[in-house]
Amino acid sequence: MDHEALAMEMRGLREQVTGVTDTAVAAADGLLIAADTAEDIDPEGLAAIAAAGLGLARRTAEATGRGTLHQTVAQGSHGCAAVYAVGESALMVVLGDEGVDMDRLHEETRPALTRIGSILSAPETVPAVSAVTGAGPEAV
Amino acid sequence: MSDRRISLDRAGYGLLSRTLAECGREEATGELRVCGRPGGAFHLRGGLVVAVESPGAPGPEALLLRSGRISGEQWDGLLREPGAGRWPEAGLIAHGYAGAAQLRVVRMSALQDAVFAVVVGRVEGVRPLTAPSGAGPLAPVALGESPLRLLQEATRKLTALAALPWPVLPDRERPVPVPGADRDDPRLPPVRRDLLTHADGRRTARDLAFLTGRGVYPVTVEIARMLAEGLLQCADVPPTVLPVPVRVPSAGALLPLRREEPVAGEQQPERAGRPVRREQPVRLGELVRLGEPVPPERIARPDHPVQPDDAPPPPPPDRPPRQLPRRRPGASGITETLAAAHREASWKGFFRLRNRIWTPDSGT
């Protein structure tokens, strides 16, 4: 897996969408893979909660005939926590403050999910860009 | 950063001011969406701007809630009152949480702050005026403002910001306190103490404005002054080109993720009539934690993977295929009741048991 590409995707989302404060990528079973979170957030706990919430939302959508689940969003008075499935095997959680434009967030996140999915499923034999001597971050 | 200068996005500003002037001349009513970063929406009534919302500036609700003037519970209580709508102004005044004049100031300052956020950012396009959408703006001002006057006020603020010794853009700099800065120094004004507390190198002036419940313009100006006075500092390198640290969790590498893929030729019917899926372990890799320095020996490289001292626990050999969760006898912790059930031979005992072990998820 190309760690640097994954980190760039996550950080890119935070910088592209105004109001996104933290992101984390976890396996579907709740194990953290990567975190771009502030100090006051426990990324491991966030990953576990996100996996549980996504599983529950999936089952809810399935049991009530709502079709394929797009995302689940918890909205609080100080912002939102959106959880997106990355294929069948992983998920991404995005935290935003009150200002985040949800339509824009979903719009920007969808292509990023596809890219993150291919980064996660890339075979391990492909070396990360950072591991190749002389390669720079521009090759991401 | 090498070039700290800030300047107006002239093309975008020109487009915005032309469109708004046209709306003003035609005394238009509706919503004007501005695309860009952060972008926003101008709500017009009779050619005057009654509300502006932008992801780049805290709205009236965020100003009230984040500043601690009102708690989330109090706000929820107000929204539940009949006729409260999304902006419970009458309830706020009736409960004494805020005065009418104070709320007028909050609404107007949020409006002007949002215009500043739109103008100081990048305007990529302005969509044609549309009819007021759905519920309309959250908290419109009673008497609208002239759009051009609002734009002039925003450019005046931008000019003032650009003239500071250390100009700052609301969404560019991510300051961090200088080492030794005392965030609890009682001589510092509250806004500076707040900014020193929350500035962590990840948050921009805009993020800090939301977090502290203050306008984005005053927070940006305060950050610019604190940078100039040496209370805050900015990393010279933009965060996007910083090296990405990779950390292996202390417990060793992550357990492999199991991906479920159907295996041709080995399909066996299960109870629900679906084929059984065999799980194939897929190694996803190690934990990546951004912004956290790591010792070099812990940096994992795919060509030289870090071998943890203690081997990761082996995955369970055969997990049950994906299916509806089934309750195992004893999983609920009421095994003694179940054990008693075997001794009960009559129907009466069955119904007694059913009533005793019923749980919301038992499916009965």
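Contact means heavy atoms within 4.5 Å. The model treated in these exercises is predicted.

**Exercise 1. Covering of a helix**

Task: Find how many residues of helix 8 (residues 205-212) of chain B are buried, and which helices the buried residues pack against.

Solution: 
- Step 1. Apply the cut-off: buried means under 20% relative accessible area.
- Step 2. Count. Seven of the eight residues of helix 8 of chain B are buried, so the helix is mostly covered.
- Step 3. Name them. The buried set is B:Ala205, B:Arg206, B:Asp207, B:Leu208, B:Ala209, B:Phe210 and B:Thr212.
- Step 4. Look for partners. These buried residues pack against helix 2 (60-66), helix 7 (190-198) and helix 9 of chain B.

**Exercise 2. A helix pair in chain B**

Task: Classify the packing of helix 5 (residues 100-120) and helix 9 (residues 216-229) of chain B, and sort the contact residues by type.

Solution: 
- Step 1. Take the geometry. The angle is about 60 degrees, and the axes lie 8 Å apart.
- Step 2. Apply the classes. Angles under 35 degrees count as roughly parallel, over 145 as roughly antiparallel, 65 to 115 as roughly perpendicular and the rest as oblique. Helix 5 and helix 9 of chain B are therefore oblique to each other.
- Step 3. List the contact. Helix 5 of chain B supplies B:Asp113, B:Phe116 and B:Ala117, while helix 9 of chain B supplies B:Val216, B:Tyr217 and B:Pro218.
- Step 4. Sort. Five of these residues are nonpolar, none is polar and one is charged.

**Exercise 3. A helix pair in chain A**

Task: Repeat the analysis for helix 1 (residues 3-16) and helix 3 (residues 102-121) of chain A.

Solution: 
- Step 1. The angle is about 175 degrees, with the axes 10 Å apart.
- Step 2. Helix 1 and helix 3 of chain A are therefore roughly antiparallel to each other.
- Step 3. From helix 1 of chain A, the contact takes A:Ala5, A:Leu6, A:Glu9, A:Leu13 and A:Gln16. From helix 3 of chain A come A:Arg104, A:Glu108, A:Thr109, A:Ala112, A:Arg115, A:Ile116, A:Ile119 and A:Leu120.
- Step 4. The contact residues divide into seven nonpolar, two polar and four charged.

**Exercise 4. Backbone details in chain B**

Solution: 
- Step 1. The peptide bond from B:Arg37 to B:Pro38 is cis, with omega near 0 degrees.
- Step 2. Phi of B:Glu27 is near 50 degrees: a positive value in a residue other than glycine.
- Step 3. The relative accessibility of B:Glu27 is 57%, so B:Glu27 counts as exposed.

**Exercise 5. Chain B as a whole**

Task: Summarise the make-up of chain B and its confidence.

Solution: 
- Step 1. Chain B holds 11 helices and nine strands.
- Step 2. Of its 364 residues, 42% count as buried.
- Step 3. The accessible surface of chain B is about 20,600 Å², and 53% of that belongs to carbon and sulfur atoms.
- Step 4. The mean pLDDT of chain B is 76, and 64% of its residues reach 70 or more.
- Step 5. The pLDDT is below 50 over residues 294-309 of chain B, a stretch with 26 contacts beyond near neighbours in sequence. Residues 337-344 of chain B also have pLDDT below 50, with eight such contacts.

Key:
Residues numbered from 1 in each chain as written. Chains lettered and ligands numbered in written order. Predicted model: local features only at pLDDT ≥ 70, side-chain atom pairs only at ≥ 80, totals over all residues. Heavy atoms only, no water. Axes fitted to C-alpha atoms, helices over the stretch in contact; angles between N-to-C directions. Helix = DSSP H or I, 4+ residues; strand = E, 2+ residues; numbered from the N terminus. Nonpolar A, V, L, I, M, F, W, Y, C, P; charged D, E, K, R; others polar. Buried < 20%, exposed > 50% of the residue type's maximum accessible area, 1.4 Å probe, protein only. Areas by Shrake-Rupley, 256 points an atom, 1.4 Å probe, with all protein chains shown as cover. pLDDT = per-residue confidence, 0-100.
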